Structure formats: C-alpha cells, structure tokens
Amino acid sequence: DAIITGTLSYSAPQRIDIPERVIAAERVQFTQLTLSERARGLRDMREMAEDAFWPSVAGAIFGALIGFVFLLVVAAICLASAPVLTEKLRLNTVEKPWSSLVFGGFGMALLIGLVPVTAMTIIGIPLVPFALLAVGAAWVLGYLLGVYVITWRLVGAFGDLPDGLAGRLVLIGLGVMVLALLNFVPFFGWLINFIVVLAGLGGLTAMMIRRLIEWRG
C-alpha cells in the first residue's frame, strides 16, 4: 500500500518495475549502476566501517590504559603513605575471608543507600556530589585492596613475595590486568570481579567499624 508523492531517484543494475499506483512513471528517475560503481560503493562502505571501528578500538585501549595507570597511582599512594595500615588491612582480610565478604555486602549496602539518603533532605542536597565522590573512592579502594589480597595470596602459595614498593605495585598491576581480562568471560568474569570488590570493601568496612567502636569507648 505504499505511495510515493515526491520524486523517486534510484540506481540499480537493472530497471525495477514500479507500479503506477505507487508513483507515476514520469516522477521516477533511474540510473543504471555498472559493476565498477557497485564495487566502488562496497569499497566506500568498507572504508566507512573501518574508519568507525579503529577509532573506537583506539579509544577503548586508551581509556583502559588511563584507568590502569590511575589504579596504580592510587595503589602507590596508599602503599607509600600508609604501609602499616595497608598491611594490616590485607592481613585482616586474609585471616577472615568470609566475614570480609559479609562486611563487604554491608558496606556496599551503605554505599548504595548513601546517595539517596543524602538527597532526601534539603540540607543534604549540596552534599550529593561529595557522597558520589565517597562512593567512587570507597569502590576504588575496595577493589585495589581485594586485588592486593588475592594476588598476594596466590603468588605466596607458589613462590617468594616481593618486599619493596615496586614489587608490590607489579603484583597489583598483574592482578588488575588479569581481572580486567576476566570481564570478557561470560557471567563468571564479572562475578569474580564483584567478589574481589566485596572482599576489599569488607576489609575497609570492618576497620571503620572497629575504629568507630574504639572512638565511642
């Protein structure tokens, strides 16, 4: 039931039989398409696809590299500025893995509820950006602690562990790369990454609760 009220211009190898009820013959403009023109059209389509593909791949690689460098910088700052606290968090998380996962779920629930609870009050609305920043910082720190704990445990089971800052950063960097590659594994990849975040976040949450209890006397 299609009807064309304007002018139809088309290119094809052969003329197409278009019914008069669709469009009058005098309003149809036909250009015969030769083999070379069709090949050129396919080449143009391929080049357009390539032009769209490679920048997206380069952008994804550049973004992943920036994220990797950012995580290493944060890990270096934590290891260099608070080495004793970092090691204490790692030991507590390793010694109590199941409780760390439970505390991680509790901490994640607090993080998820922090932003809407802050936005519910008029006074708290200006603090929403800071709440979002706190959520992002806690997520990054929990992820890095989880990576540190798991890579340290795995490497320690098969060989000697590094002593210096550079060795620990290499360990964390390898763990981040392996976990990033695991994201391409359907279902289990993101689940493993999620468990890593829960474990690290649980260690941080347990420490904050202990500090709060000590502060309250």
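## A walk through the predicted chain

Start with the charges: select the charged side chains of the protein chain and you'll have 15 positive and 14 negative ones, with the centres of the two sets 11 Å apart. Lys and Arg count as positive, Asp and Glu as negative, while His and the chain ends are not counted; each charge is placed at NZ of Lys, CZ of Arg, CG of Asp or CD of Glu.

Before going on, some ground rules: this is a predicted model, where local features need pLDDT of at least 70, side-chain atom pairs count only at pLDDT 80 or more, and totals for chains, interfaces and linings use all residues. Residues are numbered from 1 along each chain as its sequence is written, and side-chain values use heavy atoms, leaving out hydrogens and water.

Next, switch to cartoon and follow the protein chain from the N terminus: β-β-α-α-α-α-α-α. Those are DSSP runs (helices: H or I, at least four residues; strands: E, at least two), numbered from the N terminus.

Zoom out, and the C-alpha trace spans about 95 × 50 × 30 Å along its principal axes.

Now select helix α6, residues 188–216, and pick out Asn193 there. Is Asn193 buried or exposed? Asn193 counts as buried because its relative accessibility is 10%, with the cut-off for buried at under 20% relative accessible area (1.4 Å probe, protein chains only).

Show what surrounds Asn193: beyond neighbours within four places in sequence, it is in contact with Tyr143, Leu179, Leu182 and Asn183 (contact means heavy atoms within 4.5 Å). Finish on Leu179, whose backbone oxygen lies 3.1 Å from the side chain of Asn193.

Definitions and conventions
Buried means under 20% relative accessible area, exposed over 50%, partly exposed in between (1.4 Å probe, protein chains only). A polar contact is a pair of N or O atoms within 3.5 Å; within protein, one must be able to donate a hydrogen and the other to accept it, and residues adjacent in sequence count only if both atoms are side-chain atoms.
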